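Open the model in a viewer and keep the sequence panel beside it. The stops below say what to select next and what is there.

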Amino acid sequence: MEAKAIARYIRVTPRKADQVLQLIRGKRVDQVSEILDFTPKHVAKVIGKVVHSAVANAVAMEGKINVEHLRVKRAVADAGPTMKRFLPRAQGRATPILKRTCHITIIVEGEALVEAPAPARRARSKAPAETAAPEETARPKRATRKKVAAKSKPKSKSKEA
């Protein structure tokens, strides 16, 4: 069972986000939250929210799931759109500034709790008065309509001479 969460248009470069994501790949979710709490990067807080959302998605999809057994299967920071700004420089020149964004994708996997199947319910035994003969319970067949021979109508008075 897999669950995914994506945060889009995060205002941090994909390279900086990937540095934090390398710390959590393949780790259990409870370890990941501890690692991200003590990571001194701004993006660690955002990644923590995405991990929490992926865990919530897993619980919503499967119902009962053991959160301790969830692992971060995949953690990726893809490049988002880049905002282009310009800084004025000497002699009328301009230097471009690229403000990068990223899309952070986290996929967690784990096993759903498998419960023992509920025992099959036995049908109640009916009292002899309640049991009916199969003929009575069967739906009665429709009576077939008898085709009535078309009666010939007396023809209009014809000229019989």
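## Start at helix 3

Select His42, which is found in helix 3; helices (H or I, at least four residues) and strands (E, at least two) are DSSP runs, numbered from the N terminus. This is a predicted model, in which local features need pLDDT of at least 70 and side-chain atom pairs count only at pLDDT 80 or more, while totals for chains, interfaces and linings use all residues. Residues are numbered from 1 along each chain as its sequence is written, and side-chain values use heavy atoms, with hydrogens and water left out.

His42 has a relative accessible area of 66% and is therefore exposed. The cut-offs are under 20% relative accessible area for buried and over 50% for exposed, with partly exposed in between (1.4 Å probe, protein chains only).

## The whole chain

Zoom out and colour by secondary structure. Four helices and five strands make up the set, in the order β-α-α-α-β-β-β-β-α along the sequence. Of the 161 residues, 24% count as buried.

## Three salt bridges

The whole structure holds three salt bridges, each defined as a side-chain nitrogen of Lys or Arg within 4 Å of a carboxyl oxygen of Asp or Glu. Side chains of opposite charge can pair when their charged atoms come close.

Select Glu2 and Lys73, whose side chains meet in a salt bridge at 2.1 Å, N to O. This pair links distant parts of the chain, with Glu2 in strand 1 (residues 2–10) and Lys73 in strand 2, 71 residues apart. Glu2 is partly exposed at 39% relative accessibility, and Lys73 is partly exposed at 46%.

Go next to Arg25 and Asp18, where the closest N and O atoms of the salt bridge are 2.6 Å apart. Arg25 has 34% relative accessibility, so it counts as partly exposed; Asp18, with 24%, is partly exposed.

Then select Asp30 and Arg28, a salt bridge with its closest N and O atoms 3.2 Å apart. Asp30 is partly exposed, with a relative accessible area of 31%, and Arg28 is partly exposed, with a relative accessible area of 31%.

## A positive patch

Show the surface and select Arg11, Lys16, Lys41, Arg85 and Lys99, which gather in a patch of positive charge. Patches are made of residues with over 30% relative accessible area and no salt bridge, like charges being joined within 9 Å. Lys and Arg count as positive; His and the chain ends are not counted. The place of a charge is taken as NZ of Lys or CZ of Arg, and accessible areas come from the Shrake-Rupley method with a 1.4 Å probe.

One member, Arg85, lies in strand 3 (residues 83–88). Arg85 is partly exposed, with a relative accessible area of 41%.

Is His103 buried or exposed? At a relative accessible area of 13%, His103 is buried. Its place is in strand 5 (residues 102–109). A polar atom of the His103 side chain lies 3.2 Å from the backbone nitrogen of Tyr9.

Finish at Asn66, in the loop between helix 3 (42–62) and strand 2 (71–79). The side chain of Asn66 makes a polar contact with the side chain of His69 at 3.1 Å. A polar contact is a pair of N or O atoms within 3.5 Å; within protein, one must be able to donate a hydrogen and the other to accept it, and residues adjacent in sequence count only if both atoms are side-chain atoms.

Conventions. Patch = residues over 30% accessible without salt bridge, like charges linked within 9 Å, V, L, I, M, F, W, Y side chains within 5 Å.
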